[in-house]
Amino acid sequence: MSFSPLAPVLDLSANPTAARRPYRAPLATLFAAALLATTAGCAGGLDDPDRFTGGTSSCAPGTTGASVIQAQCLSCHSTDANGSAGGGLDLQASGLPGRLYTTNSACNNAPLADSANPSQSFFLKKLTASPGCGARMPLGASLSAADTACVTDWLVAGKPGSP
């Protein structure tokens with residue numbers, strides 16, 4: 001008497017490693033889900049820096065504290081003009097804004113930047129109508145409120161020991 005099999009039987013003799021090999025679909029699915037989860041909320045590109053900084057900057061889009069200084073201050077306070085204009089203050093040399101924390105004003109010998117209270121620094125007071133010593137900067141003009149806020153953020157962020 002002969003019985004026919006009711007269901008096909010896995011022939012392990014044809015491929016003995018098939019019995020030891022785990023089924024890979026769950027692992028592949030898990031990997032794909034992890035990849036999707038890590039890339040779905042990806043931060044913006046460098047053309048959208050507010051996505052990285054949390055959007056707390058007072059600067060207008062496309063403007064930085066350094067760009068305001070470059071546009072408004074370097075005609076008098078540059079490496080080339082250092083000594084002939086600008087009270088000897090060079091805002092073009094490397095190390096700004098940190099260097100402002102170790103430089104004193106030619107006007108009143110006060111530190112240009114106050115590390116205890118950067119937003120009250122003499123450097124920033126020079127941008128106001130009543131700087132307390134010398135003339136308002138830039139000479140013959142004034143920065144907009146937005147540009148002044150942008151420079152303030154730049155100086156505070158450049159405080160030595162800032163993250």
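I began with helix α3, where I found G65, V68 and I69 buried (buried: under 20% relative accessible area; exposed: over 50%; partly exposed: in between; 1.4 Å probe, protein chains only). Seen down the axis of α3, these buried residues fall within an arc of 95°, so they line one face of the helix. The arc is taken over the directions from the helix axis to the C-beta atoms. I recall that an α-helix has 3.6 residues a turn, so residues three or four places apart point the same way. Helices here are DSSP runs (H or I, at least four residues; strands are E, at least two), numbered from the N terminus.

I note that this is a predicted model, in which local features need pLDDT of at least 70 and side-chain atom pairs count only at pLDDT 80 or more, while totals for chains, interfaces and linings use all residues. Residues are numbered from 1 along each chain as its sequence is written, and side-chain values use heavy atoms, with hydrogens and water left out.

**Surroundings of α3**

I then looked at the face of α3 turned away from its buried side, and there I found the exposed residues Q70 and A71. The buried residues of α3 pack against α4 and α5, contact being heavy atoms within 4.5 Å.

I looked up the pairing of α3 with α5: their axes come within 8 Å and cross at roughly 120°. That makes α3 oblique to α5. The axes are lines fitted to C-alpha atoms, for helices over the stretch in contact, and angles run from 0 to 180 degrees between N-to-C directions. Angles under 35 degrees count as roughly parallel, over 145 as roughly antiparallel, 65 to 115 as roughly perpendicular, and the rest as oblique.

The crossing of α3 and α5 is left-handed, a term used if the near helix is turned anticlockwise from the far one by less than a right angle; clockwise would be right-handed. On the α3 side, the contact with α5 is made by G65, A66, V68 and I69. On the α5 side I listed D147, C150, V151 and W154.

**Disulfides**

How many disulfides does a search of the whole structure find? The search finds two, a disulfide being a pair of cysteine sulfur atoms within 2.5 Å.

The link of C59 and C150 is right-handed, with 90° about the S-S bond. I found both C59 and C150 buried.

Another disulfide joins C107 to C133, S to S 1.5 Å. This pair also links distant parts of the chain, 26 residues apart, with C107 in the loop between α3 and α4 (122–125) and C133 in the loop between α4 and α5. The link of C107 and C133 is left-handed, with -115° about the S-S bond. C107 is partly exposed, with a relative accessible area of 37%, whereas C133 counts as buried at 14% relative accessibility.

With bonded cysteines counted along the chain, I recorded the pattern 1-4, 2-3.

**Cysteines C73 and C76**

C76 is in no disulfide. C73 is buried, with a relative accessible area of 14%, and C76 counts as partly exposed at 30%.

**Loop residues**

I looked up H77, which is found in the loop between α3 and α4. Is H77 buried or exposed? H77 counts as buried, at 11% relative accessibility. Leaving aside its neighbours within four places in sequence, H77 is in contact with G86, L89, D90, L91, Q92 and M137.

M137 took me to the peptide bond from M137 to P138, which is cis, with omega near -10°. P138 lies in the loop between α4 and α5. I also found a cis peptide bond from L96 to P97, with omega near 0°, and P97 lies in the loop between α3 and α4.

In the loop between α3 and α4 I also noted N109. N109 has a positive phi of about 60° although it is not a glycine. N109 counts as exposed, at 54% relative accessibility. For reference, most residues other than glycine have a negative phi, and most peptide bonds are trans.
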